[in-house]
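Please look over the sequence and the model below before reading on. The report that follows takes up a strand pairing, a set of charged pairs, a loop residue and a surface patch.

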Amino acid sequence: MTTTLPSPELIASFIDIVGSANALTNPADLAPYLIESRGLYKGTTPMVLRPGSVEEVSRIMKLASATRTAIVPQGGNTGHVAGQIPREGKADIVLSLQRLNQIRDVDPVGNVIVADAGCILADIQKAADDNDRLFPLSLGSEGSARIGGNLSTNAGGTAVLAYGNMRQLCLGLEVVLPTGEIWDGLRRLKKDNTGYDLRDLFIGAEGTLGVITGAVLRMFPKPLGHQVAFAGVGSVEHALALFDRASSLCGSALTGFELMPRLGVEFTAKHIPGVRDPMDTVHPWYALIDISTSDSAESAERMVHELLEQGIVAGLVENAVIATSEEQRKALWHMRESMSPAQKPEGGSIKHDVSVPVSSIPAFMKETDAAVMRAMPGARICSFGHMGDGNIHYNISQPIGADKQVFLDRWREMNAIVHGIVAKYNGSISAEHGIGQLKRDELAEVRTPIEIELMRRIKHAFDPAGIMNPDKVLRAD
């Protein structure tokens, strides 16, 4: 794999494939593709290619393979671990999937939607809704995140509790391999045991094995009943006990159970336009509860009232509000989904996307809070997330009055503290964001040598030239 700048002749050959209008070389045009949202990583590239068809992607990869040119696939550039950002000081070419944005087919009877990888997540949700169906993946970045990136990171979001990660929402894939060969695996089958499951190798591979260009996605019948409640609780232990009751009472109708701290509510109400504290009472923790029923609106209403009544009687719920309109339901979810960006105006934020067994969440939080405060007195811990699936976004905002850069320089130190305790509870250092560049070196520390070796063998089998998103997930040889 070459790390030197492509020759003018090679650049011209790439431009010939997509046309000059879709080959960006001007520094101002390149800039949006070279930095991720948190500003931690900024890469360099000689050009951004914007193919308009699968065939063009194939031709790009054939040329890249023949010339050993590194290619970095990119969707909406919403990733949090810099898997979509080219390496700094190298000659990686960015392959943007933004123009591959067509919905190829919607099959309401089969409950599937076939789409290009460059489709925006919100457009997939709308296409399903227009056909009286639900595509349940929901993210704060759904207005700009693209399906290919969602698949490449095995995105989770707020509905994993009921519907699973992106891997569970995908039936088939179309992938252009590093050699330029096209694998058409766009099967619409729920049952298919014909050999190795190639689909699952590409989902979550972060563009290191090939370029996802299309997918068969699962839809679901739209719920007839939908209720969202916001409950104030006194502790994480009480939130977990309430979740246990919700699971028993609601079963599969429990489609979301989010944990939020008081500090997070204050940040969002302060910094996010249109967000306000839903309660006139203050509580240390809050649970956002989402219930969806398939039979009637009345059943969802009965469930949410019974759950909150049980919680109050048991001393788990201190106060609660129930959304009475779709507008209010969206407002409550908007507050939760804005919790991460609301930390930005407060200065530096050291973020962790971790998961532990659900029953271990209170102990993990208590132990980690104590360790962080010992290491950094005055730190403002804003940990929130998907309590129903064990995924906690353990974020640390800088102490008031602290120097932002001095605080951020302790990123790795804080990572070591948090991730060390995650390991104690047999958790994961990456629940839904992926590995990318940010956690690449840590991966080798938390996975066994045989696991890393198997990953390297898979990488080499698909990409022997090492041109496919190099130095992401695994360090390049």
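## Strand pairing

Leucine 24 has valine 48, in strand E2, as its bridge partner, in a model that is predicted. The two strands concerned, E1 and E2 (residues 48-49), pair in the antiparallel sense over 2 bridges. They belong to an open sheet of 4 strands, which follow the order E1-E2-E4-E3 with mixed pairing. Strand E1 (23-24) and strand E3 (71-74) are the edge strands of this sheet, each of them pairing on one side only.

## Salt bridges

The count of salt bridges comes to 25. In one of them, arginine 167 pairs with aspartate 200, the closest N and O atoms lying 3.5 Å apart. Because arginine 167 sits in the loop between helix H6 (160-163) and strand E8 (170-176), while aspartate 200 belongs to helix H7, the pair ties together parts that are 33 residues apart in sequence. Arginine 167 counts as partly exposed, at 25% relative accessibility, and aspartate 200 likewise counts as partly exposed, at 27%.

Arginine 336 forms a salt bridge with glutamate 258, and here the closest N and O atoms are 2.7 Å apart. Since arginine 336 lies in helix H11 and glutamate 258 in strand E13 (residues 254-261), this pair ties together parts that are 78 residues apart in sequence; both arginine 336 and glutamate 258 are buried. A further salt bridge joins the side chains of arginine 262 and aspartate 277, at 2.7 Å from N to O. It links arginine 262 in helix H9 (residues 262-271) to aspartate 277 in the loop between H9 and strand E14 (285-293), 15 residues apart, and both arginine 262 and aspartate 277 are buried. Through salt bridges that share partners, Arg167, Asp197, Arg199 and Asp200 are joined into one network.

## A buried glutamine

Glutamine 343 is placed in the loop between helix H11 (326-337) and strand E16 (349-350), and at 0% relative accessibility it counts as buried. Its side chain makes a polar contact with the side chain of serine 349, at 3.3 Å. Leaving aside residues up to four places away in sequence, glutamine 343 touches Phe267, Ser349, Lys351, Cys382, Phe384, Asn395 and Ser397.

## A nonpolar surface patch

Tyr196, Leu198, Leu201 and Ile458 make a nonpolar surface patch of about 400 Å². Tyrosine 196 is found in the loop between strand E9 (182-185) and helix H7 (198-202). With 79% relative accessibility, tyrosine 196 counts as exposed, because the cut-off for that class is over 50%.

Note on methods
Residues are numbered from 1 along each chain as its sequence is written. This is a predicted model: local features need pLDDT of at least 70, side-chain atom pairs count only at pLDDT 80 or more; totals for chains, interfaces and linings use all residues. Side-chain values use heavy atoms; hydrogens and water are left out. Patches are made of residues with over 30% relative accessible area and no salt bridge: like charges are joined within 9 Å, nonpolar side chains (Val, Leu, Ile, Met, Phe, Trp, Tyr) within 5 Å. Accessible areas come from the Shrake-Rupley method with a 1.4 Å probe; for residues, only the protein chains shown count as cover. A salt bridge is a side-chain nitrogen of Lys or Arg within 4 Å of a carboxyl oxygen of Asp or Glu. Buried means under 20% relative accessible area, exposed over 50%, partly exposed in between (1.4 Å probe, protein chains only). Two strands pair if DSSP finds at least two bridges between them. A polar contact is a pair of N or O atoms within 3.5 Å; within protein, one must be able to donate a hydrogen and the other to accept it, and residues adjacent in sequence count only if both atoms are side-chain atoms. Contact means heavy atoms within 4.5 Å.
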